[in-house]
Amino acid sequence: MRRLLTTMGLVAVLLTGLAVNAAPASAAPPNNACPYYHLCFWRDTHYQGPTRDFYYCGFEDLWGLPWLRTVWGDVDNDTSSLVNNQTSGTTSVFWDVEGGRASLSQHSYGYRDNLVIDGWNDRISYILVC
Ligand SMILES: [Ca+2]
């Protein structure tokens with residue numbers, strides 16, 4: 001038992017050290033920011049600004065697709081944060097056609113609060129939902 005407690009103490013110290021040295025964790029979205037079974041995009045980082053969400057699995061071309069509740073701008077090359085709250089265990093894929101067809105993926109449940117940090121700010125043009 002004493003050995004187990006010592007081991008647990010060592011693990012706790014190591015985890016504490018990791019937490020101090022790790023990069024700032026991505027901030028989770030507010031509750032209900034993205035409904036279950038949806039993939040949600042925001043124009044700005046940290047889930048701010050106009051939004052758009054995708055319910056159906058499949059391919060989407062974002063060119064010309066307007067942000068909701070705004071009078072101008074479209075989703076193409078403008079997404080700065082996202083939440084994947086699609087069916088658990090699925091993965092959505094995002095492409096930047098201007099950037100040499102690079103792709104980024106995000107499993108569900110998961111989120112990216114700041115695509116600037118990921119090197120993906122305002123780059124997503126095509127998506128495969130789920
Ligand atoms: Ca943006």
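Guide: Here is a chat about the fold, its sheet and a few backbone details.

Visitor: Before we start, what am I looking at?
Guide: This is a predicted model, where local features need pLDDT of at least 70, side-chain atom pairs count only at pLDDT 80 or more, and totals for chains, interfaces and linings use all residues. Residues are numbered from 1 along each chain as its sequence is written.

Visitor: Okay, how many helices and strands are in the protein chain?
Guide: The protein chain has one helix and eight strands. Helices (H or I, at least four residues) and strands (E, at least two) are DSSP runs, numbered from the N terminus. Along the sequence, the pattern reads α-β-β-β-β-β-β-β-β.

Visitor: And how much of the protein chain counts as buried?
Guide: Of its 130 residues, 25% count as buried. A residue is buried if 20 or more other C-beta atoms lie within 10 Å of its own, exposed if 12 or fewer, and partly exposed in between, with C-beta atoms placed from the backbone.

Visitor: Which strands form the open sheet?
Guide: Four strands do, in the order β3-β8-β5-β6, and the pairing is antiparallel. Two strands pair if DSSP finds at least two bridges between them.

Visitor: What stands at the edges?
Guide: Those are β3 (58-61) and β6; each has a single partner strand, so one side of each is left without a neighbour in the sheet.

Visitor: Let's zoom in on β5 and β6. How many bridges join them?
Guide: Six bridges join β5 (residues 91-96) to β6, and the two run antiparallel. Within that pair, Val 93 stands opposite Ser 105 in β6.

Visitor: Switching to the backbone: where is the cis peptide bond?
Guide: It joins Ser 108 and Tyr 109, with omega about -5 degrees. Tyr 109 sits in the loop between β6 (102-107) and β7 (110-112).

Visitor: What about Tyr 37, what is its phi?
Guide: Tyr 37 has a positive phi of about 75 degrees, although it is not a glycine. You'll find Tyr 37 in the loop between α1 (2-21) and β1 (38-44).

Visitor: Why does Tyr 37 count as partly exposed?
Guide: Because Tyr 37 has 17 C-beta neighbours inside 10 Å.

Visitor: And Asp 122, where is that one found?
Guide: Asp 122 is in the loop between β7 and β8 (126-129). Asp 122 is not a glycine either, yet has a positive phi of about 55 degrees. With 13 C-beta neighbours inside 10 Å, Asp 122 counts as partly exposed.
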